[in-house]
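The tour goes from salt bridges to the overall fold, then to backbone and surface.

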Amino acid sequence: SRNFILALIEHAVRQAGRDIHAMAEDDISKRGMGTTVSLLLLTPKRGYIAHVGDSRVYLIRQKEVFQLTEDHSLIRELIKSKKLSPEEAEASPYRNALTRAVGVYADVEVDLLDFEVADEDCFLLCSDGLSNYFEGDQEVQQILSEGSLESAPQRFVEIANARGGKDNITSLVVEVKNRGTRAD
């Protein structure tokens, strides 16, 4: 059931956080370490996301791009509360400060999402080392349409590197095909 799957992926992320936190407690050199997670689980009819941090999941459906996850960053919070303009955020020294990460504390709040999947849906999962270089969400679809799906992750990495590449760059592309021909 939907609720069981959501509970399962939430438990997995929270357990990973507990494990990372325990490692840091045992080794002083690892204190404060943490990570982001954007987990996508696809079934024939539904998609499920568990998310913490500022990595992202995008959905590209019929050439429209939707950012499905919300960044857990200090900058996003400041922009949302109108304490900072998007232009000021660009120059802020706190651009990479997270409000939530997996493992920094013993537990973490996980954003959960589930949705219907359509044939030919395409997903981009990426770290902020890539998304920070997008010139608007629609550029995601433009880059995907410029070549094969198989070569898309490498094209995304090359674009991020060409625009500065100041952070680790992760890019994973998934496409749903022939959904209607599979059994549940």
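Which residue forms a salt bridge with Asp71? Select Asp71 and Arg56: these two form the bridge, and their closest N and O atoms are 2.6 Å apart. The model is predicted, so keep that in mind at every stop.

**Stop 1: Asp71 and Arg56**

Stay on this pair. Asp71 sits in the loop between β4 (64-67) and α2 (74-80). Arg56 belongs to strand β3, residues 56-61. The bridge links distant parts of the chain, 15 residues apart. Both Asp71 and Arg56 are buried.

**Stop 2: Asp121 and Arg61**

Next, select Asp121 and Arg61. Their side chains meet in a salt bridge, 2.6 Å from N to O. Asp121 lies in the loop between β5 and β6, and Arg61 in strand β3, so the pair ties together parts that are 60 residues apart in sequence. Arg61 is at 27%, so Arg61 counts as partly exposed.

**Stop 3: Arg100 and Asp111**

Move on to Arg100 and Asp111. Here the side chains meet in a salt bridge of 3.0 Å, N to O. Arg100 is in the loop between α3 (86-91) and β5, while Asp111 is in strand β5 itself; the pair therefore ties together parts that are 11 residues apart in sequence. Arg100 is buried, with a relative accessible area of 19%; the cut-off for buried is under 20%. Asp111 is partly exposed at 23%.

**Stop 4: a network**

Now select Arg2, Arg46 and Asp114 together. Salt bridges link these three residues in a network. How many salt bridges does the structure hold? The count is nine.

**Stop 5: the whole chain**

Zoom out and switch to a cartoon view. The protein has six helices and seven strands. Follow the elements from the N terminus: they run α-β-β-β-β-α-α-β-β-α-α-α-β. The radius of gyration is 17 Å, close to the 16 Å that the globule rule gives for 184 residues, so the protein is as compact as a globular protein of that length. Along the principal axes, the C-alpha trace spans about 50 × 40 × 30 Å. Colour by accessibility next. Of the 184 residues, 39% are buried.

**Stop 6: two positive phi angles**

Select Lys63, in the loop between β3 and β4. Its phi is near 70 degrees, a positive value in a residue other than glycine. Lys63 counts as exposed because its relative accessibility is 63%; the cut-off for exposed is over 50%.

Then go to Glu120, in the loop between β5 and β6. Glu120 is not a glycine, yet it has a positive phi of about 75 degrees.

**Stop 7**

How values were computed: Residues are numbered from 1 along each chain as its sequence is written. This is a predicted model: local features need pLDDT of at least 70, side-chain atom pairs count only at pLDDT 80 or more; totals for chains, interfaces and linings use all residues. Side-chain values use heavy atoms; hydrogens and water are left out. A salt bridge is a side-chain nitrogen of Lys or Arg within 4 Å of a carboxyl oxygen of Asp or Glu. Helices (H or I, at least four residues) and strands (E, at least two) are DSSP runs, numbered from the N terminus. Buried means under 20% relative accessible area, exposed over 50%, partly exposed in between (1.4 Å probe, protein chains only). The radius of gyration is taken over C-alpha atoms; the globule rule is 2.2 Å times the number of residues to the power 0.38.
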